[in-house]
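User: I am new to this structure and would like to learn how to read it step by step. Could you take me through a sheet and then an interface?

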Protein chains: 2
Amino acid sequence: MPANPAWPPQSAPRLYVDTALGEGVAVALDGNPAHYLIAVMRVKAGDTILLFDGKSGEWAATARDIRKRDLVLDCVAQTKPPEPVPDFWLCAAPIKKGRIDLIAEKACELGVAKLQPVLTRRAVVDRLNLDRLHAHLVEAAEQCGRNMLPELAPMVKLDALLRDWPDGRHLFFADETGGAPIAEALTAHPGPAAFLVGPEGGFDPEERAAIRAHPAAVPVSLGPRILRAETAAIAATAAWMTLNGDWKGFDPQSD
Amino acid sequence: MPANPAWPPQSAPRLYVDTALGEGVAVALDGNPAHYLIAVMRVKAGDTILLFDGKSGEWAATARDIRKRDLVLDCVAQTKPPEPVPDFWLCAAPIKKGRIDLIAEKACELGVAKLQPVLTRRAVVDRLNLDRLHAHLVEAAEQCGRNMLPELAPMVKLDALLRDWPDGRHLFFADETGGAPIAEALTAHPGPAAFLVGPEGGFDPEERAAIRAHPAAVPVSLGPRILRAETAAIAATAAWMTLNGDWKGFDPQSD
């Protein structure tokens, strides 16, 4: 690769593609991504485009065969390796459309490794459009510079989540009936973790008892105000990243 | 006041009113709030309604003179005193409609004392509908149980904000050119604070230099990913509440 600091150009469009990337791979694009590159970004033959597939890092590709509605991108070289992502899962009950979309978008930006939808009894929404959530993750990754997409797991029921919970992963959850202040709980429980957030109506008492009884569970308090489900999810994720994740010790000057 | 644990009823509607509340004050309501109580909540004469005006705590009131489109509420007794709110301001550049609304909603839920809109050079939006932002603060306060509304200040230019900055208040801001990890910066700077967040395009280099040169400024890093303006605002507020605000040391069981 040319050790040219001006390459790839900072202004190069950056795009997620659903194709495994690697040196010499040719990516044929049509539909919306092609329209974006051809009509919006006015890409010409030979221009550099940055691509990521969610797991192989970021790649520079060169445009060719530009027609009205499609083009081909040739992968030239990896510009960034797959990035380390902090080992944090967000387990969230489905909530109303705009608000679960917000959880997906912010989870990706904030650095969540896995988004695990969880069905609970008081959920007012019991189906989830995983394609739509995936699209929100992709858009957020394009925006925030992530190359690794958060894993989007299929929805599981709460009892199955608890039954199959992996050893060695803390399960933080906001319990309005009591819990340590989140700063205290996070400091006392470093390492792989997840935060579990219920639906608009919260967990029912039996569910709460089952979560509290789980050996991995760490009940936490998010302060004196009643947070909406998506606010709790975003705030707890930000708190974890701040104290236990990769916001701790990150120095942009050495990046 | 009757020391009756069943009063006021937990199911009582809770509503913001734009009238200074106090014992014996009669609040005449029409329009949307009256429609909500009469048609949606089906309030009858003698029913208890919880009211707050954003500064006088929460009051129980009794409904009377219920007509088709209006009713009167008599303030009976204060049910909660004005609550302490942590001394944290959010200073935010105007951004696109839905996203600045989100900042207002989450600022209120998370516990911000003051929302200060700040005009910066790269702002793509240079006017702000304060009435709409106020409505979002009110709705969030009704939802999260806050009685004190965040103060909503008129928009100021960045240079005026810096010039008139009060002594003794830290001014945290996310600086992509360098800053301490936010956990470190917050721990080193307890006490009254504000977080300043720029518009979609960030601060321009001159603005950044002016902020950094301010004696109150504390540049912080919010990790390796590029956060949208509203994500930075929400995440930094959650981090401050976690480490320096009223989420620290809060025990719901003693509340």
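**Reading a strand and an interface**

Analyst: Let us begin with one pair of residues: in strand 4 of chain A, the bridge partner of A:Ile49 is A:Ala61. Please keep in mind throughout that this is a predicted model.

User: In which sense do strand 3 and strand 4 of chain A pair, and over how many bridges?

Analyst: Strand 3 (residues 48-52) and strand 4 of chain A pair in the antiparallel sense, over five bridges. The hairpin that they form has five residues between the strands, and there A:Gly54 takes a positive phi near 95 degrees.

User: What stands opposite A:Ala61 in strand 5 of chain A?

Analyst: That residue is A:Cys75, and strands 4 and 5 of chain A run antiparallel, joined by seven bridges. In general, side chains in a regular strand alternate between the two faces of the sheet. As for covering, strand 4 of chain A has five of its seven residues buried.

User: Turning to the interface, how many residues of chain B are in contact with chain A?

Analyst: On chain B there are 44 such residues, and they touch 44 residues of chain A. The area buried between the two chains is about 3600 Å², with 60% given by carbon and sulfur atoms. B:Arg225, B:Arg228 and B:Trp247 supply 19% of the area that chain B buries against chain A, more than any other three residues.

User: Which side chain of chain A meets B:Arg228 in a salt bridge?

Analyst: A:Glu105 does, at 3.5 Å from N to O, and across the interface of chain B and chain A the rule finds twelve salt bridges.

Technical notes: Residues numbered from 1 in each chain as written. Chains lettered and ligands numbered in written order. Predicted model: local features only at pLDDT ≥ 70, side-chain atom pairs only at ≥ 80, totals over all residues. Heavy atoms only, no water. Contact = heavy atoms within 4.5 Å. Buried area = accessible area lost by both parts, 1.4 Å probe. Salt bridge = Lys/Arg side-chain N within 4 Å of Asp/Glu carboxyl O. Buried < 20%, exposed > 50% of the residue type's maximum accessible area, 1.4 Å probe, protein only. Helix = DSSP H or I, 4+ residues; strand = E, 2+ residues; numbered from the N terminus. Pairing = 2+ DSSP bridges.
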